Amino acid sequence: MPGVFLPQGNARSYGDSCMLHEGTVLSTRFMNRFIAFDGETGIIRCEAGVTLAEILSVVEPQGWFLAVTPGTKFATVGGAIANDVHGKNHHVEGTFGAHLTQFELLRTDGSVRLCSPTENAEWFAATIGGLGLTGLITWAEFKLKRVSNSAVNVENIKYQNLADFFALSQESEQDFEYTVAWVDCLASGDQLGRGHFSRANHARVTQPKPAPSQHTLTIPVDPPVSLVNSISLKAFNWLYYHRQREKRVTQTTHYDPFFYPLDHVQNWNRMYGPKGFLQYQCIVPMEHSEAAICELLRRIGRANYGSFLAVLKVFGDVPSPGLNSFPRPGTTLALDFPYKGAQTMQLFDQLDEVVVQAGGALYPAKDAHMKPQHFKRFYPNADQLESFRDPGINSSFWQRVMEPST
Amino acid sequence: MKNWIVIGATSAIAESVCRLWSTRGYNLFLVGRNADKLESVKQDYTVRGADTVFTHVLDIAQLDKHQACWEQAKAAMGRIDGIFIAHGTLPDQKRCEADFNHALTEININATSVLSFCTIAANEFETAGSGHIAVISSVAGDRGRQSNYVYGSAKGMVSLFLQGLRNRLFKRGVMVTTIKPGFVDSPMTADFEKGGPLWATPDQVAAGIVKSIDKNRGVVYLPWFWWGIMQVIKSIPEFIFKRLSL
């Protein structure tokens, strides 16, 4: 086949890793058939274009759940592998790739490889977190997780500052499968890093399942300017932080609002207006976490450039099976910024300094600005992935970060 | 739980319909040309909850094999509650104009083969005093237009035939549903420029089909606004219409 291609799932990555500006995108949108599901062992096999939402709709009624799920259920299985996605239970289950048993890889030369931890193991590792570059994943098989109840018992704790966050994380690691925090990134001084810490476990068998929400919200059109600006951000962050009076609130919820809060608002990205937004998601190793996160939040505050959704989570040490996976032990911070051109890029450059110095990394699935020299420090196996890359496949992201830096 | 025969079972709309029926635990007897594709959708429906899924390879143009296909479905499922006919091709209008043999082939696939299956089903259901015949026709069958009147006339024939059948079978308690989709983003329309409010996904159309069958509707436009569009198109006087390039 002539030309350059890029396999694409549901295009839910925020950057250009799922895009190819000069070439042909191979959409897996119609590759969405299930192949087999064993209700006894919880092993499911399906084509790469099946979304996590479809999987849940089939397996959840039978007492199974995704072992690892990202913050949107509209991602596809192929995309989840290509980005080796993580979830709120990284400290327990590791990444999506850690639950893969096998998949099939089709290359543009027509060759087909069955890849598993034991067969074509090097292709298996290169493809997990391989950003779709090693070939087209046609189908995959992975293990689900047996749950007593798909609903979750959530404990929401309002905390005062970053030190509290780390203390809560450590305290919760043992007893809670899911942990994550929302950060009020406009707070400063001794309140820097304050927010809400959520920790949860699946509900008990006997607990009644709350019904899913029946109505979804939609943002029907692009507003002419971003609705996310310094005024709305201040208001939102203040209100969100103070939304609960008590320090601790416990409730049982359907899995949707807990795992997929944004999926409830269709086209939520439109609230950023025609210029859209960029996400900055980094990870910093544990030993530098507190200092680095502190410095990142300070720099964001100084730039007077708040974020609507700032998410903080401590990753565990379950190894990622991918050659170039993003998750690694440490603390990850993710922030959405309305795009303001050079101003945004300047801020990102300042944040990069902190991440590089701390020996951290940025997440390709969320990236639109990573520098080539940084990428190679963040991902020391990048050259190996390049050697596994299908010569007929490339992405705008890969072209950007692999260009020889001078 | 119901037992349905699905003709053209690997077409995009039929696949979406079968997925919805699978979640209800239906038994399905799938008819299509490609054995591999049938096997692949069979696996999919089984995972999604279908009770038992049977497959039957048939080139729908072979009219003399229709009765045997029906008998096999009956033998496999015992009772047949309905037949959903979803197969079709979108002919190259220019080629049909130049070569009538090609036009005839297309008419046989899109009209004659449908009528043949409907006849078998109608007679069986009439005797049984129950059953449902649901067929995908098209808005294109509502008025002949220069850009695709071969396809349009085949679909028009299907629509009229079903109208008569509905009339004939009503008093026997047999339901006949004529489904008229507008533009659907499926492999059949791969060559079109898509986008805009008129294009629907197979899933959207399938949801409408399942609902229409549940409610025993007679004629249904999908999505609903095509009813209005076709009312306008049908009401344009011929002396004006013949000058338009629709």
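This note goes through a predicted model, point by point, from its sheets to its chain interface and a few local features.

1. The five-stranded sheet of chain A. Five strands of chain A form an open sheet in the order 3-4-8-6-7, and the pairing in this sheet is antiparallel. Strand 3 and strand 7 of chain A stand at its edges with a single partner strand each, so one side of each is left without a neighbour in the sheet. From one strand to the next, the twist averages 10°.

2. The interface in outline. In the contact between the two chains, 11 residues of chain A meet 10 residues of chain B. The area buried between chain A and chain B is about 960 Å², and carbon and sulfur atoms give 47% of this area. On the side of chain A, the residues that lose the most area to chain B are A:Phe30, A:Arg33 and A:Phe34, which together account for 55% of what that side buries.

3. Polar and charged pairs across the interface. Between chain A and chain B, seven residue pairs are in polar contact, counting pairs with both residues at pLDDT 80 or more, and the rule finds four salt bridges across the same interface. A:Glu54 forms a salt bridge with B:Arg48, with the closest N and O atoms 3.4 Å apart. On the side of chain A that touches chain B, the elements giving two or more residues are strand 3 (34-38) and helix 1 (52-59) of chain A, and the largest share, four residues, comes from strand 3 of chain A. By class, this side of chain A has six nonpolar, one polar and four charged residues.

4. The eight-stranded sheet of chain A. Another open sheet of chain A is formed by eight strands in the order 14-10-12-11-17-18-16-19, with antiparallel pairing. Its edge strands are strand 14 (248-253) and strand 19 (361-362) of chain A, each of which pairs on one side only. Strand 14 of chain A pairs with strand 10 (residues 152-159) of chain A in the antiparallel sense over six bridges, and within this pairing A:Val154 has A:Gln251 of strand 14 of chain A as its bridge partner. Helix 8 (residues 289-302) of chain A lies across strand 11 (178-183), strand 16 (277-284), strand 17 (310-315) and strand 18 (330-338) of chain A, and runs at about 10° to strand 18 of chain A.

5. Salt bridges over the whole model. The count over all chains comes to 34 salt bridges by this rule. In one of them, the side chains of A:Asp184 and A:Arg194 meet at 2.8 Å, N to O. Both A:Asp184 and A:Arg194 lie in the loop between strand 11 and strand 12 (195-202) of chain A, so the pair ties together parts that are 10 residues apart in sequence.

6. Backbone features to check by eye. Most residues other than glycine have a negative phi, and most peptide bonds are trans. A:Asp84, however, has a positive phi near 35° and is not a glycine; A:Asp84 is found in the loop between helix 2 (77-82) and helix 3 (90-93) of chain A. In chain B, a cis peptide bond joins B:Leu222 and B:Pro223, with omega about -15°, and B:Pro223 is found in the loop between strand 9 (219-222) and helix 8 (225-235) of chain B.

Key
Residues are numbered from 1 along each chain as its sequence is written. Chains are lettered from A and ligands numbered from 1 in the order in which they are written. This is a predicted model: local features need pLDDT of at least 70, side-chain atom pairs count only at pLDDT 80 or more; totals for chains, interfaces and linings use all residues. Side-chain values use heavy atoms; hydrogens and water are left out. Two strands pair if DSSP finds at least two bridges between them. Contact means heavy atoms within 4.5 Å. Axes are lines fitted to C-alpha atoms, for helices over the stretch in contact, and angles run from 0 to 180 degrees between N-to-C directions. Buried area is the accessible area (1.4 Å probe) that two parts lose on being put together, summed over both. A polar contact is a pair of N or O atoms within 3.5 Å; within protein, one must be able to donate a hydrogen and the other to accept it, and residues adjacent in sequence count only if both atoms are side-chain atoms. Ala, Val, Leu, Ile, Met, Phe, Trp, Tyr, Cys and Pro count as nonpolar, Asp, Glu, Lys and Arg as charged, and the others, Gly among them, as polar.
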